[in-house]
Amino acid sequence: MYCKSLSAAILTLGLATTACASSFVATTDTLLGAVAATAEASSDATSSLRDSKVVRAARDDAASFVASGGVLRGARLEAALVHLRSRVPELAKVGDLQLAEAILNR
């Protein structure tokens, strides 16, 4: 009886581990695909707006925003985010932190 319960517990644990692993893989694949798409959109936007005075002026604010994990939001960064999203509608789906990082990496 004890051996049967132990076998059932091991089988259940094995199935749960397999389900968690496959769920983790699917979630990771989805997140990586989304990050790659948004990074590409961010890269396109910042390269096309490389000479924008609004974006250049926001670099210090973007650095503070990224360093603080999104807590410190300067007026110049806010203006740059609005400017980028108005010029490139695809960036509406990209988070503020990702755009701030793109401004820093331009």
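A: Let's start with Glu78, which forms a salt bridge with Arg73, the closest N and O atoms being 2.6 Å apart. A salt bridge here is a side-chain nitrogen of Lys or Arg within 4 Å of a carboxyl oxygen of Asp or Glu. Do keep in mind that this is a predicted model, where local features need pLDDT of at least 70, side-chain atom pairs count only at pLDDT 80 or more, and totals for chains, interfaces and linings use all residues. Residues are numbered from 1 along each chain as its sequence is written, and side-chain values use heavy atoms, with hydrogens and water left out.

Glu78 is partly exposed at a relative accessible area of 29%, and Arg73 is partly exposed at 40%. On this scale, buried means under 20% relative accessible area, exposed over 50%, and partly exposed in between (1.4 Å probe, protein chains only).

Arg73 also meets Asp96 in a salt bridge, at 2.6 Å from N to O. Arg73 lies in the loop between α3 (59-67) and α4, and Asp96 in helix α5, so this pair ties together parts that are 23 residues apart in sequence. Helices are DSSP runs of H or I with at least four residues, and strands are runs of E with at least two, numbered from the N terminus. Asp96 is partly exposed, with 23% relative accessibility.

Asp96 has another partner: Arg85 forms a salt bridge with Asp96, and their closest N and O atoms are 2.8 Å apart. This pair links Arg85 in helix α4 to Asp96 in helix α5, 11 residues apart. Arg85 is partly exposed too, with a relative accessible area of 25%. Through shared partners, the salt bridges join Arg73, Glu78, Arg85 and Asp96 into one network.

Now for the helices around these pairs. The axes of α4 (residues 75-87) and α5 (residues 96-105) come within 11 Å and cross at roughly 95°. The axes are lines fitted to C-alpha atoms, for helices over the stretch in contact, with angles from 0 to 180 degrees between N-to-C directions. α4 and α5 are therefore roughly perpendicular to each other, a label for angles of 65 to 115 degrees.

Where they meet, Leu77, Ala80, Leu81, Leu84 and Arg85 of α4 contact Asp96, Leu99, Ala100 and Ile103 of α5, contact meaning heavy atoms within 4.5 Å. The residues of this contact divide into seven nonpolar, no polar and two charged.

Note on methods. Angles under 35 degrees count as roughly parallel, over 145 as roughly antiparallel, 65 to 115 as roughly perpendicular and the rest as oblique. Ala, Val, Leu, Ile, Met, Phe, Trp, Tyr, Cys and Pro count as nonpolar, Asp, Glu, Lys and Arg as charged, and the others, Gly among them, as polar.
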